[in-house]
Amino acid sequence: MDYVSALVPPFVMAVFFIALVVTIVKSQGGANKAKEDAVVDAVLSRAEGARQSQASPTPQ
């Protein structure tokens, strides 16, 4: 019975890892891709705007 208790944790971890990979692959693209891309673009543009405003101080 020791071999069963030795094999269960790796087997369970393998099942969860496969489920995670399948979930990630299924969530790529599809209907949510445009929405996710828009969110990323908005965050990047906001960060770029903040970086540019800090890099160029206003003249006095």
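Me: Is E48 buried or exposed, or does its relative accessible area place it in between?

Reply: Buried means under 20% relative accessible area, exposed over 50%, and partly exposed in between, with a 1.4 Å probe and protein chains only. E48 has a relative accessible area of 33%, so it is partly exposed. This is a predicted model, in which local features need pLDDT of at least 70 and side-chain atom pairs count only at pLDDT 80 or more, whereas totals for chains, interfaces and linings use all residues. Residues are numbered from 1 along each chain as its sequence is written, and side-chain values use heavy atoms, with hydrogens and water left out.

Me: Which residue does the side chain of E48 meet in a salt bridge?

Reply: A salt bridge is a side-chain nitrogen of Lys or Arg within 4 Å of a carboxyl oxygen of Asp or Glu. Here the partner of E48 is R51, at 2.8 Å from N to O, and a search of the whole structure finds 1 salt bridge.

Me: Where do E48 and R51 lie, and how many residues apart are they?

Reply: Helices (H or I, at least four residues) and strands (E, at least two) are DSSP runs, numbered from the N terminus. An α-helix has 3.6 residues a turn, so residues three or four places apart point the same way. In this model E48 and R51 both belong to helix α2 (residues 32–55), where they are 3 residues apart, about one turn of the helix.

Me: Which residues make the nonpolar surface patch?

Reply: Patches are made of residues with over 30% relative accessible area and no salt bridge, where like charges are joined within 9 Å and nonpolar side chains (Val, Leu, Ile, Met, Phe, Trp, Tyr) within 5 Å. Accessible areas come from the Shrake-Rupley method with a 1.4 Å probe, and for residues only the protein chains shown count as cover. The patch here, of about 970 Å², is made by M1, Y3, V4, L7, V8, F11, V12, V15 and F16. Of these, V4 is found in helix α1 (residues 2–27) and is partly exposed, with a relative accessible area of 33%.

Me: What follows α1, and where does G29 lie?

Reply: G29, whose phi is positive, near 75 degrees, follows α1 and lies in the loop between α1 and α2. A31 lies in that loop too, and at 76% relative accessibility A31 counts as exposed, while G29, at 25%, counts as partly exposed.

Me: How many helices and strands does the chain have, and why is the chain described as spread out?

Reply: The secondary structure comes to 2 helices and 0 strands. The radius of gyration, 23 Å, is well over the 10 Å that the globule rule gives for 60 residues, so the chain is more spread out than a compact globule; this radius is taken over C-alpha atoms, and the rule is 2.2 Å times the number of residues to the power 0.38. Along its principal axes the C-alpha trace spans about 80 × 30 × 10 Å, and 0% of the 60 residues count as buried.
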